Amino acid sequence: MMVARRVCLIALLAATSAVPTSAYLKFGYTITGQSVVLKWPEGRAVTYVLGSRGGGGVSAGEFGDAIGRAFARWEAVPTSTIRFTQAGTTTRAPSDNDNVNVLTFADRPELDRTLGATSYTVDIVSGSLLEADVFFNAAFPWSVDTAGRPGRFDLESIATHEIGHLVGLGHSALGETEVVGSGRRVLAAGAVMFPIAFSPGSVGGRRLQADDIAGVSDIYPDGAFRQSTGSISGRVVKGGVGVFGAHVVAMHLRSGALIGGFTLDNSGAFVLAGLAPGPVVLRVEPLDDGDVASFIDGPRVDVDFRVAFSPQAFFVPRGGNVPDVIIDVVAK
Amino acid sequence: MTRWRGADRWSRDAVLYAWVMSMTVMRVAPVAAQVAVAPGDAPPVATVRSARVPRLEVSLLGGVFGGGDLGSTDANLLTNQPVSGQTLLFTTRTEITAAPVVEGRVGMRLLRAVWVEGGLSYAQPELVAAISRDSEGAADVRASSRLTQVVADGGVQYRWSGRRVAPFVMAGGGYLRQLDDARTTTATGSMYYGGGGVLVRLAPAGRGWIGRLALRGDVRAAWLRGAIRLQDERGPAVIATAGLTARL
């Protein structure tokens, strides 16, 4: 018997259950004590339906074109097998448990900081995704202009982010922010999946970055991905005690590519997977560039330590793992 | 062997050359050599002396593998602005440090002044990434990893013979293998080199075993390709070695 449960995720302020053994942040679900990666069943394309209305200054036709380009961007990742198929349009609002994946505009003026959101229906027996719906908040001004339009959010950028959630990715912490009033403004980001959107007029969120590509490839790897990349695993400790919620970033010394992950248990354990072979350095930082809850559930996240680098450089082996890396951090 | 009787018409070098070549035949094909030195057909005195010219030599060398700069790489984030730009998260400058190297080489004389050599060298340089300019003020760090580097090479040497000092130039290439500190990555590539050096005999030839020994010093510029690298092209590393050569 299939039992379905709705897991609600709001893209820009997401509540997540994270899988401990992963790079980036893959959404997960705990089934009989085991964390399972949320993912679509393998071997068939994810079918989606577009809302038939426009919103925020964007017509229905422009909406469909922009969403199509955003899906195509994820499909174009050469090391991932995820595929999508559009199955027409609908006038219905997104609804749970109807087995239809809908992307549409919705009037949600009460969500004055939420540009879009993704919600899932999950098979809690297998962890498979059964359904995902995405809405874009029509209360904001939108644009689909190629170069963006001042004062309007780029629909294609936000759609690319939401589709990242749709395939099972959580938020990346690769970015820097500043406090503005009661909120935060992003200064720079190293992943489409950073939880705070670029400012109106920017189209920078359309381009998948190394962290996004590694993430989707890790969930839906093609035949060569695991053999052609490697991983690093270890622990972040402070005074000999594991740090929960540290953000660990590997920087490839050849390409400069950044791939991040988190320590997601009390031992401070992390795994960074999908790394290109070769020399890397590791940087650890606290999750202080956004609402902690937008990355990881729970009050235990430790942000009381200084940004630090590992004093060791590492060589990521092709198809292998560098184990037992220990990174010491000190309190602020 | 009748040609040896006419040796007085040849230059001394030509005689030596002919004798070396005949010695080569002796080593490779002993039956033919026995015919060549059949009784009653002894070579002239000059050629007998040249028979002491060594054909093989073994060198044990120690020195320095000079390392080199592997360039700089920035960790960038995409800037939040309408026209895309990049914001520096931190920067790195990477180098392979200089390290002691030990090397064994075997040479064989092919022609009067031309030797071929094979060598095997071992060094443990460090890959060091100097990390700085962190946007959140992290302390600068020199992140390092020790490499084990083995090179098996072959090359050619041209030598100017003197009474005691023999300068030479050399060039060659070989197989490069680098293994990282954690023994998780083995990278292979190639190395090409060119350089020169000098051999200094400890004593004149014919003084017993000490006459077979020479001090050797050389300096090479080595271009490493493949293996652990940051860019496809990189400058040469200098390798300087010195040691003892025994002539067999």
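Contact here means heavy atoms within 4.5 Å. By that rule, the interface draws on 35 residues of chain B and 42 residues of chain A.

Some ground rules first: this is a predicted model, where local features need pLDDT of at least 70 and side-chain atom pairs count only at pLDDT 80 or more, while totals for chains, interfaces and linings use all residues. Residues are numbered from 1 along each chain as its sequence is written, chains are lettered from A in the order in which they are written, and side-chain values use heavy atoms, with hydrogens and water left out.

Now to the area. About 3,000 Å² is buried between chain B and chain A, with 63% coming from carbon and sulfur atoms; buried area is the accessible area (1.4 Å probe) that two parts lose on being put together, summed over both. Leu78(B), Asn80(B) and Glu136(B) supply 25% of what chain B buries against chain A, more than any other three residues.

Two salt bridges (a side-chain nitrogen of Lys or Arg within 4 Å of a carboxyl oxygen of Asp or Glu) link chain B and chain A. One of them joins Arg283(A) and Asp134(B) at 2.7 Å, N to O.

The largest share, seven residues, comes from β2(B). Strand β12 of chain A (residues 183-189) pairs with β2(B) in the antiparallel sense over two bridges, where pairing requires at least two DSSP bridges between the strands. Within β2(B), Thr79(B) is the bridge partner of Ala188(A).

Conventions
Helices (H or I, at least four residues) and strands (E, at least two) are DSSP runs, numbered from the N terminus.
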